[in-house]
Amino acid sequence: MTKKQKNIRPKARLPKGFIDSAPDQIYAMQDMLAQIKYTYESYGFEPLDTPAIEYTDALGKFLPDQDRPNAGVFSFQDDDEKWVSLRYDLTAPLARYVAEHYDQLPKPFRRYQTGPVWRNEKPGPGRFRQFTQFDADTVGTTSVAADAELCMLLADCLANLGIPRGAYNVRLSNRKILDGLLLKIGLDPFSDENSEQKLTVLRAIDKLDRLGGDGVALLLGEGRKDDSGDFTKGAGLSKNQIDVILSFVSSQQDTRSKTLEVIEKLIADHDIGVEGINELRTMDQLLSAAGFEPDQICIDPGIVRGLDYYTGPVFEAELNFQSEDASGTSTRFGSVGGGGRYDGLVARFKGTKIPATGFAIGVSRLYSALEALGKLEQNHRHGPVIVLVMDFDCLADYQNMTRALRNADIKAEMYVGTSGMRAQMKYADKRKAPCVVIQGEDERNKGIVTIKDMVEGIKLSDEITDNKDWREGRPAQFSIPQEELVEAVRKTLISQNEINNKTN
């Protein structure tokens, strides 16, 4: 006798580094994205969409772990045996699009785009393998006026989302002054021989906010072991070189102009550094003319940005307020987005230099920040009006009422399950229905319908403690002629909206 084959069922579980989103979260996210979109468009940016998959060679090797070939991206071969990858950001696909359509595009070309990106990296707390970015980029101009405008746009986005002044800051620097710093310590940033060491130094500085001076010093030196025991090899700099770098990144003053004065004294011997300072001075003038103060946009020499393709101004949006992590530890929220100038990225396709600048907002992180600040109104969004089914032989009549509500631009749903009245009411409650429409046989014969206001019903039910009162009172429940259904439902929804406005 053969053994009966065991039926092996797949385990219901998410892949590591991925998350599901519930309806309330999606609605709140859509509201947030709509506000960002409105702000981008107020600056004259227009939408663009590119596919999630690109040829792998089009994406290039610009991820923070570029020293590991083929790491960082999810890749596979298509039917033509060409390697394709899920995009890891929205900038590389933009560079491909601009190169492909350059002659037809207005110059400068200003676009925004939002969508998911994927990183094949080790997941951790708050670090996911799929997340959403919202980008704005200007392609086709070398003017730092474009960079200054993006800093203004980033600051306005945070302000328009309700983040109070003082709780955020756009921090600005320039890769050219960092090149001047590297020259000062004897490390040629333009030598291919030093390219890996240069990138290690920049990535170490980029971790200043998270690791502090001591942690960065280790990464600039022999290396650092993190809390999990993993060791990161350092840049191998001497103590004197490390001291110069730490002095540079801690040179921020209370105004943009004073910060530039201090930086200039440190790197005045190198033309590339002076060029970067002059660009920041021009941006400072533009920011001041537009009314942006240092508590909104400041110059911070410690801002680097980890990607290798930045060539000029770089900037990062940081939130300064405290929040609690999963363990209850209070921490500063930190970066929610950033970017900078990348004049060489499009040239990979065109062979000629095409200047560009842009930034990306980390949507999930910004969402978490707004949630921590109580700026999301996800709990105030109602579900559809539910038309209950009391007689399953009369489905067409219930569908007709549902259609009448929809034709009047009222979100409505006929119950399509098979359960009875009690279960249907529980369903309506879980769907956050503002009200339900009820019509049994007696009501149908009389040509009437009953509307139960779910919001007012919950309010009144809290005041009732006696079952007899409940049965006799039927809180927030009233009957009207069927032909008045649409108008009665509309008045109920308007009344609830007024109640919510008074409450908020």
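**Entry 1: a patch on the surface**

I began with phenylalanine 76, which is partly exposed, with a relative accessible area of 39%. My scale for this: buried means under 20% relative accessible area, exposed over 50%, and partly exposed in between (1.4 Å probe, protein chains only). Phenylalanine 76 sits in strand E3 (residues 75-77). I take helices (H or I, at least four residues) and strands (E, at least two) as DSSP runs numbered from the N terminus. Together with Ile53 and Trp83, Phe76 makes a nonpolar surface patch of about 300 Å². Areas come from the Shrake-Rupley method with a 1.4 Å probe; for residues, only the protein chains shown count as cover.

**Entry 2: what I am looking at**

I noted that this is a predicted model, where local features need pLDDT of at least 70 and side-chain atom pairs count only at pLDDT 80 or more, while totals for chains, interfaces and linings use all residues. Residues are numbered from 1 along each chain as its sequence is written, and side-chain values use heavy atoms, without hydrogens and water. The protein chain holds 18 helices and 18 strands. Of its 504 residues, 44% are buried.

**Entry 3: helix H1**

Which residues of H1 are buried? I found Ala28, Met29, Met32, Leu33, Ile36, Thr39 and Tyr40. An α-helix has 3.6 residues a turn, so residues three or four places apart point the same way. On the other side of H1, Pro23, Tyr38 and Ser42 are exposed. The cover over the buried residues includes strand E5 (109-118) and helix H4 (144-160). Just after H1, glycine 44 has a positive phi of about 95°.

Most residues other than glycine have a negative phi, and most peptide bonds are trans. Still, I found glutamate 81 with a positive phi of about 65°; it is exposed, at 61% relative accessible area. Lysine 432 also has a positive phi, about 55°. I also saw a cis peptide bond joining lysine 107 and proline 108, with omega about 0°.

Notes
Contact = heavy atoms within 4.5 Å. Patch = residues over 30% accessible without salt bridge, like charges linked within 9 Å, V, L, I, M, F, W, Y side chains within 5 Å. Salt bridge = Lys/Arg side-chain N within 4 Å of Asp/Glu carboxyl O.
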